[in-house]
Amino acid sequence: MESDKFICVREKVGETAQVVIIDLNDTANPIRRPISADSAIMNPASKVIALKGLQLQVVSSFGAVAARCC
């Protein structure tokens, strides 16, 4: 997913899946997080990401804390 502020990419390196988030104001420091989700979508205005796998998780501020889990 791409917006004016962030680019969010799910990639698989070997057997490890990860999400890469690039802040377009700081392109030299992409954020990489390991995930087990099938897909990821980024809020275009703030640092909130939704991960969909066996369950839906909404993670705030790219941290490990799930804001909501269904």
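**A chain of strands**

From the N terminus on, the elements of the chain run β-β-β-β-β-β-β.

Student: What kind of model is this, and how are residues numbered?
Tutor: This is a predicted model: local features need pLDDT of at least 70, side-chain atom pairs count only at pLDDT 80 or more, and totals for chains, interfaces and linings use all residues. Residues are numbered from 1 along each chain as its sequence is written, and side-chain values use heavy atoms, with hydrogens and water left out.

Student: How many helices and strands are there?
Tutor: The chain has 0 helices and 7 strands. Both are DSSP runs, numbered from the N terminus: helices are H or I with at least four residues, strands are E with at least two.

Student: Which strands form the open sheet?
Tutor: Three of them, in the order 1-2-3, with antiparallel pairing. Two strands pair if DSSP finds at least two bridges between them.

Student: And which ones are at the edges?
Tutor: Strand 1 (6–13) and strand 3 (31–34), since each pairs on one side only. From one strand to the next, the twist averages 20°. Here axes are lines fitted to C-alpha atoms, for helices over the stretch in contact, and angles run from 0 to 180 degrees between N-to-C directions.

Student: How many bridges join strand 2 to strand 3?
Tutor: There are 4, and strand 2 covers residues 16–23.

Student: What is the bridge partner of Gln 18 in strand 3?
Tutor: Pro 34.

Student: New topic. How many salt bridges does the structure hold?
Tutor: It holds 1. The term means a side-chain nitrogen of Lys or Arg within 4 Å of a carboxyl oxygen of Asp or Glu.

Student: Which residue does Arg 32 pair with there?
Tutor: Glu 11, with the closest N and O atoms 2.7 Å apart. The pair links distant parts of the chain: Arg 32 is in strand 3 and Glu 11 in strand 1, 21 residues apart.

Student: How much of the chain is buried?
Tutor: Buried residues make up 24% of the 70 residues.

Student: Last one. Where is Gln 55?
Tutor: Gln 55 lies in the loop between strand 5 (48–52) and strand 6 (56–60). At 40% relative accessibility, Gln 55 is partly exposed. The C-alpha atoms of Gln 55 and Ala 37 are separated by 8.5 Å, and the two residues are 18 residues apart along the chain.

How values were computed
Buried means under 20% relative accessible area, exposed over 50%, partly exposed in between (1.4 Å probe, protein chains only).
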